[in-house]
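I opened this structure to look up how its parts are arranged. These are my notes.

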Amino acid sequence: MTEEQVRALALALPEVTEADHHGRPSFRLGTTVLATLWAPGILNVMLGESEARAAEGGACSLLWWGKRLYGVQVDLAAADEALVGDLLEEAWTRRAPARLRRDRP
């Protein structure tokens, strides 16, 4: 996966925008960060603990901030579009208001 492919997947989700996050591109729903292109070839996706643990392995490693599990870090060179799309969709679903989730097929 390339960063441009990630950008296209993220921005295709309803009401997701791109904004700066400490000098890095991030994808947000309102003010909530869903994912960040953390470094070249690395995508951080903010997930719940159970979703992060389920995704761990292969292209995904657990993303810790101190002692708190925040999501997964994805090695884009080892990831495919289906994986990244599923992770972004999961992050979006966690944070989307009911009105947006209702309208999503």
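The entries below cover the sheet, the helix packed on it and the nonpolar core.

Ground rules. I am working from a predicted model, in which local features need pLDDT of at least 70 and side-chain atom pairs count only at pLDDT 80 or more, while totals for chains, interfaces and linings use all residues. I number residues from 1 along each chain as its sequence is written, and side-chain values use heavy atoms, with hydrogens and water left out.

Sheet. I looked up the strands (DSSP runs of E, at least two residues, numbered from the N terminus). I found 6 strands in an open sheet, ordered 1-2-3-4-6-5, with antiparallel pairing; a pair requires at least two DSSP bridges. Strand 1 (16-21) and strand 5 (60-65) are at the edges with a single partner strand each, so one side of each has no neighbour in the sheet. On average, neighbouring strands are turned by 30° against each other, direction ignored; the axes are lines fitted to C-alpha atoms.

One pair. I checked strand 2 (residues 24-29) against strand 3 (residues 32-39) and noted antiparallel pairing over 4 bridges. Phe27 has Ala35 in strand 3 as its bridge partner.

Core. I noted 29 residues in the largest nonpolar core, a set of buried Ala, Val, Leu, Ile, Met, Phe, Trp, Tyr and Cys residues joined through side-chain atoms within 4.5 Å; buried means under 20% relative accessible area with a 1.4 Å probe, protein chains only. Among those with the most contacts inside this core are Leu43, Leu87 and Trp92. Helix 3 gives the largest share of the core, 5 residues; a helix is a DSSP run of H or I, at least four residues.

How values were computed. Axes fitted to C-alpha atoms, helices over the stretch in contact; angles between N-to-C directions. Buried < 20%, exposed > 50% of the residue type's maximum accessible area, 1.4 Å probe, protein only.
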